[in-house]
Amino acid sequence: MFSSIKRIVLNNSRLSIYNISPTFTFRCLPTLVTTRKNSSIGLSTTHLDTQSNDFEVLQDSMEHDSSLPSFMVGYKNGFLPRQDPLVRLPDKFHVLDLLLQKMPIRLQSGEPGLLAKGELGEAVKDLPLYDVSNITDQRLLSALFRDYTFLASAYLLEPCDIMFREKKDFGLGRQLLPKNIAVPLNNIAKKLYAFPFMEYNLSYSLYNYQRVNPSLPITYPNLNLVRAFAGTPSEHGFILAHVAMVAHSGRLVQWTVKTLNSVEQQNRLNFNNALKNLNDTMFLINREMEAMWKRSNPDDYIKFRTFIMGSKNQPMFPNGVIYEGVSDAPLFYRGESGANDSMIPCMDNLLQLTAKMPNNPLTEVLKDFRKYRPTNHKEFLDYVQRRADKVNVRGYAIQDANSATLYLENMDQIRAFRNRHWNFTKEYVIKNTAHPFATGGTPIVTWLPNQLNTVLKQMTQVGQTIDYSQLTSENKIKFDEILNRASTQERILKREVEYLKDLFGESQNKV
Ligand code: HEM
């Protein structure tokens with residue numbers, strides 16, 4: 001099966017990359033049912049944009065204030081933390097800090113670390129059970145969350161990594177998280193309104209970077225990684241390529257709010273301007289994403305991916321994980337995934353695409369993913385969805401042929417993101433392993449196409465509402481290009497998914 005997967009992936013990605021040239025309440029933890037609005041955590045309105053209706057976007061990031069949550073959506077920081085992540089833990093946590101430094105398969109010195117030889121499990125026995133109950137400093141809590149989640153995932157998945165290196169099979173993970181990790185991790189997670197498990201925003205990606213030169217902006221060459229599992233250049237590139245993309249998200253937030261305001265004011269000029277700027281921002285984000293190919297070698301991904309797998313919908317944890325000293329019942333969490341990034345959900349909600357996703361179990365998983373993100377991100381995304389529906393962004397766009405083309409261009413950016421992303425998944429994952437589930441526990445062949453296909457179909461639908469004769473000559477060219485590409489991609493995707501579903505079989509129906 002494996003060699004045929006390899007063949008189809010290669011053939012089809014060549015097709016798609018070269019020929020087509022694609023230009024609730026928050027957390028489910030029973031103890032954590034609280035929502036906190038910015039206004040209720042003591043922020044003065046001078047720091048907030050109260051024009052943005054019922055959500056308050058941060059005007060400045062208040063980088064010196066560690067009493068506020070690290071993740072608050074802002075015009076400057078976008079979806080990145082307000083303050084750069086804390087890199088080193090205070091002396092009190094010396095043993096934890098040292099353990100994390102000695103953990104990666106390959107240390108900075110080039111020597112093998114604890115995970116290289118399967119020695120982490122034994123080393124964890126010397127970790128004190130730190131008392132974290134009195135900590136309120138949000139920056140420290142965030143750094144501790146990152147570090148305990150790295151340690152927890154490394155501990156639970158160490159046997160799987162060793163087995164995968166030898167046999168290309170994961171086997172079983174450790175089924176019990178010892179109390180010296182489980183208890184402080186659970187306490188910190190409660191304070192952050194998070195699940196006690198590794199997460200994209202709060203740990204693996206967006207809370208795991210350091211600026212080389214703190215006075216220079218957050219760009220890829222100015223970034224270093226804080227924590228690692230493998231310690232390889234490809235892991236460094238994979239994680240920091242995400243950060244470099246999200247560094248553009250301040251503008252995304254800004255133009256999202258302006259788009260909503262302009263529809264509410266029925267101001268066509270401002271609306272078109274906001275859509276144009278949104279499109280330019282998404283173009284930059286997509287261009288940054290394209291650099292993944294050179295920043296992280298596709299054949300290396302599966303060498304560090306084991307450690308970001310979850311305990312939900314994964315055969316390595318058929319009965320979940322027991323958190324010693326926390327819960328006698330096993331716990332199940334989705335693994336770290338870019339699916340928890342907030343940029344694409346923001347665009348989906350703004351353009352009212354979320355409601356167009358098919359009513360099926362795959363879309364239910366998309367909704368489930370939205371619980372795995374910082375509270376304030378979730379509030380922002382809910383706000384964008386609510387307000388876009390209220391003012392009817394799509395309806396306003398299609399009333400005017402040229403606004404509709406700008407709307408279509410933005411959909412095309414979402415398409416470009418999801419299509420490139422599908423190409424990543426074929427090249428980095430499906431080509432190299434027959435494991436049927438992605439890190440977040442989704443079926444590897446069917447889940448991503450569920451959303452990509454919806455976007456492609458919606459583009460055709462919007463195209464049908466546009467009166468071609470009303471378009472400027474420049475927009476006629478754009479319109480033709482965008483819709484031709486979308487219909488070709490729809491055909492290719494259908495063929496690829498049918499083929500791959502046959503190879504992967506029944507597993508793809510499990511979500
Ligand atoms: C080598 C690069 C990448 C690979 C192999 C990859 C793989 C995947 C996979 C397999 C999923 C399915 C969900 C799951 O984890 O269970 C996913 C979802 C997702 N990833 Fe990635 N990813 C990559 C890079 C990125 C980057 C750079 C971003 C940027 C933020 C990103 C954002 C997303 C998003 C938004 C989703 C949800 C997709 C949707 O809503 O349709 N990924 N990723």
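**Exercise 1.** In this predicted model, determine how helix 13 and helix 17 are oriented to each other.

Solution. 
- Helix 13 covers residues 361-369, and its axis lies 9 Å from that of helix 17.
- The two helices pack at an angle of about 95 degrees.
- Angles of 65 to 115 degrees count as roughly perpendicular, and helix 13 and helix 17 are therefore roughly perpendicular to each other.
- Helix 13 makes the contact with Leu 362, Thr 363, Val 365 and Leu 366, and helix 17 with Trp 447, Asn 450 and Gln 451.
- By class, the residues of this contact are four nonpolar, three polar and no charged.

**Exercise 2.** Describe how helix 17 passes helix 18, and state which residues make the contact.

Solution. 
- The axes of helix 17 and helix 18 (residues 473-504) come within 10 Å and cross at roughly 145 degrees.
- The crossing of helix 17 with helix 18 is left-handed.
- Helix 17 contributes residues including Pro 449, Leu 452, Leu 456 and Met 459, while those from helix 18 include Ile 482, Ala 486, Glu 490 and Val 497.
- The contact of helix 17 with helix 18 has nine nonpolar residues, five polar and one charged.

**Exercise 3.** Work out which residues and helices form the shell around the ligand.

Solution. 
- The ligand is surrounded by 26 residues, the closest being Ser 337, Gly 338, Ala 438, Gly 440 and Gln 451.
- Two or more shell residues come from each of helix 7 (233-246), helix 16 (401-430) and helix 17 (447-465).
- Helix 16 gives the largest share, six residues.
- Sorted by class, the shell holds 14 nonpolar, ten polar and two charged residues.

Methods
Residues are numbered from 1 along each chain as its sequence is written. This is a predicted model: local features need pLDDT of at least 70, side-chain atom pairs count only at pLDDT 80 or more; totals for chains, interfaces and linings use all residues. A residue is near a molecule or strand if its C-beta atom, placed from the backbone, lies within 6 Å of it. Helices (H or I, at least four residues) and strands (E, at least two) are DSSP runs, numbered from the N terminus. Ala, Val, Leu, Ile, Met, Phe, Trp, Tyr, Cys and Pro count as nonpolar, Asp, Glu, Lys and Arg as charged, and the others, Gly among them, as polar. Axes are lines fitted to C-alpha atoms, for helices over the stretch in contact, and angles run from 0 to 180 degrees between N-to-C directions. A crossing is left-handed if the near helix is turned anticlockwise from the far one by less than a right angle, and right-handed if clockwise. Two residues are in contact if their C-beta atoms, placed from the backbone, lie within 7 Å. Angles under 35 degrees count as roughly parallel, over 145 as roughly antiparallel, 65 to 115 as roughly perpendicular and the rest as oblique.
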